[in-house]
Amino acid sequence: MTLKPVHVIGGGLAGSEAAWQLARNGVPVILHEMRPLRTTAAHKTGGYAELVCSNSFRSDDRDRNAVGLLHAEMRRLGSLIMQAADANQVPAGGALAVDRDGFSAAVSAALENHPLITLAREEIAVPPEEWDSVIVATGPLTSPALAASIRSLTGEDALAFFDAIAPIVHRDSIDLDVAWFQSRYDKAGPGGSGADYINCPLTREQYDAFVDALLAGDKTSFHDWEKSTPYFDGCLPIEVMAERGRETLRHGPMKPFGLTNPRQPDVKAYAVVQLRQDNHLGTLFNMVGFQTKLKHAEQVRTFRTIPGLEKAEFARLGGLHRNTFLNSPQLLDATLRLRAQLRLRFAGQITGCEGYVESAAVGLLAGRFASAERRGEEIVAPPQTTAHGALLTHITGGHLETIDAGPSSFQPMNVNFGLFPPLAEPAPFDAQGRKYGRGSAKNLARKSGLSARAITDLERWLAGETAVAAK
Ligand SMILES: Cc1cc2nc3c(=O)[nH]c(=O)nc-3n(C[C@H](O)[C@H](O)[C@H](O)COP(=O)(O)OP(=O)(O)OC[C@H]3O[C@@H](n4cnc5c(N)ncnc54)[C@H](O)[C@@H]3O)c2cc1C
């Protein structure tokens, strides 16, 4: 039986992988890519899966880093992006880095040579109604015409155009002998308990030193095309606030009011940094209002001067750049389809993941889901204990809405072990049978335990043993 083609819009990391997965499952694909006829502010070539910035796919160590685990899972799932990356690897220590031209050429050749893939070089402004199955994978720099038509389906606020991200910290790296749980004025709010935030207190001297470090810190400069994009209200970087006056932060994200340190109830903190739960599991907390353009190394150094965060491990650092992404937890169903128009499925960075590898992995899932749908098979999503499942859950519903009233706090994120359900029984002993203390050996054992569980569960899922049918 000849199957109708699925249309994939965008031949970047996600779209190329989605097209490949459809074709390897026997489903014809038409892949629409606007380059080189029209380009974006960051792309330079007409090649498929062009890497717009660094040439690194980050750590390849699946026992220490969740992105390494994602690599391993993608290899197991027959990923074209991983095949091309492995074949074009350049030396980069524990990281997987690639020759970008060789990588893009390998992806392009594989797509061109597959008999079920048709390549169409054109911009799609509105997906025609007769296309009954479409994957939109047009990335953070989606063309303005298509962005406008997506916005008409999702509402004005659904597509963000300026990505202001605050750092996210692993909860178990926060020193709760210094910091404490409390909501401002103990307000419970909808869904809260009155003790929802982690509070880190600063004395006047610590606050002054912190403001000085912000003012002196090395900042990332804006790309030319970013300069014309305005800040959203309430999204000013902290260093810009600090430039407006030494006390500005104390009256903004670092205000100490309504908070009492239970260990020193008579001493008022001069300023307080608050962290808010970021995922349902409660393993990740974001630094409230701490969007910043400080360079990453500078952020780690400066934020570790905050009492309670001296040993903070960051799941994501702050940043500010133009971006286009959906409020996916509200707009997409469990198989990445737009609830308002089920023929449209989304993939890649536009869904609210961050990074080359994550974008390709979400493309891989979208391709698998769309091919199962086209073949009349049941769609079974990977369990959340796998890296693919953890990422999918973050995108389609794992994220908490803000505790306070305010805009949705859903923000793009790299894959990290904080997105995985904790192990039921944390391994208490090392390979020699010695009990772990606190610290890095225990942390490493936790990560490799999560990784081993993910690989086992991926195999079970592939064997059809994990029946998590995603309707
Ligand atoms: C400036 C910048 C730098 C980045 N640097 C890094 C980095 O160093 N490391 C990292 O891991 N991540 C980085 N990212 C984040 C992200 O991982 C990449 O943008 C990644 O390429 C996203 O993959 P994607 O497939 O979703 O989108 P893309 O790879 O951007 O692919 C989208 C494709 O869709 C095409 N397209 C857009 N609109 C249309 C249309 N209407 N019709 C047809 N085709 C269309 C585009 O031409 C493009 O080829 C960066 C992002 C930006 C914006």
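A residue is termed buried when its relative accessible area is under 20%. By this criterion, in the predicted model, the buried residues of helix α2 are Ala66, Val67, Gly68, Leu69, Leu70, His71, Ala72, Glu73 and Met74. Helix α2 is thus mostly covered, with 9 of its 11 residues buried. At the start of α2, the backbone nitrogen of valine 67 has a side-chain oxygen of asparagine 65 within 2.9 Å. Just after the helix, glycine 78 adopts a positive phi of about 70 degrees.

Helix α2, which comprises residues 66–76, lies across strands β3 and β5 and runs at about 115 degrees to β3. These strands belong to an open sheet of 3 strands, ordered β3-β5-β4, with antiparallel pairing. Strands β3 (56–59) and β4 (89–90) form the edges, each pairing on one side only. The antiparallel pairing of β4 with β5 (residues 95–98) extends over 2 bridges, and glutamine 89 is placed opposite valine 98 of β5. A further helix, α3 (residues 80–87), lies across β3, β4 and β5, at about 85 degrees to β5.

Helix α13 covers residues 440–462. At 1.5 Å a residue, its 23 residues should span 33 Å, which agrees with the 33 Å between its end C-alpha atoms. The buried residues of α13 are Ala445, Leu450, Ser451, Arg453, Ala454, Asp457, Leu458 and Trp461. An α-helix has 3.6 residues a turn, so residues three or four places apart point the same way. Glycine 464 follows α13 and has a positive phi, near 80 degrees.

How values were computed. Residues are numbered from 1 along each chain as its sequence is written. Side-chain values use heavy atoms; hydrogens and water are left out. Two strands pair if DSSP finds at least two bridges between them. Helices (H or I, at least four residues) and strands (E, at least two) are DSSP runs, numbered from the N terminus. Contact means heavy atoms within 4.5 Å. Axes are lines fitted to C-alpha atoms, for helices over the stretch in contact, and angles run from 0 to 180 degrees between N-to-C directions. The expected span of a helix is 1.5 Å times one less than its number of residues. Buried means under 20% relative accessible area, exposed over 50%, partly exposed in between (1.4 Å probe, protein chains only). A polar contact is a pair of N or O atoms within 3.5 Å; within protein, one must be able to donate a hydrogen and the other to accept it, and residues adjacent in sequence count only if both atoms are side-chain atoms.
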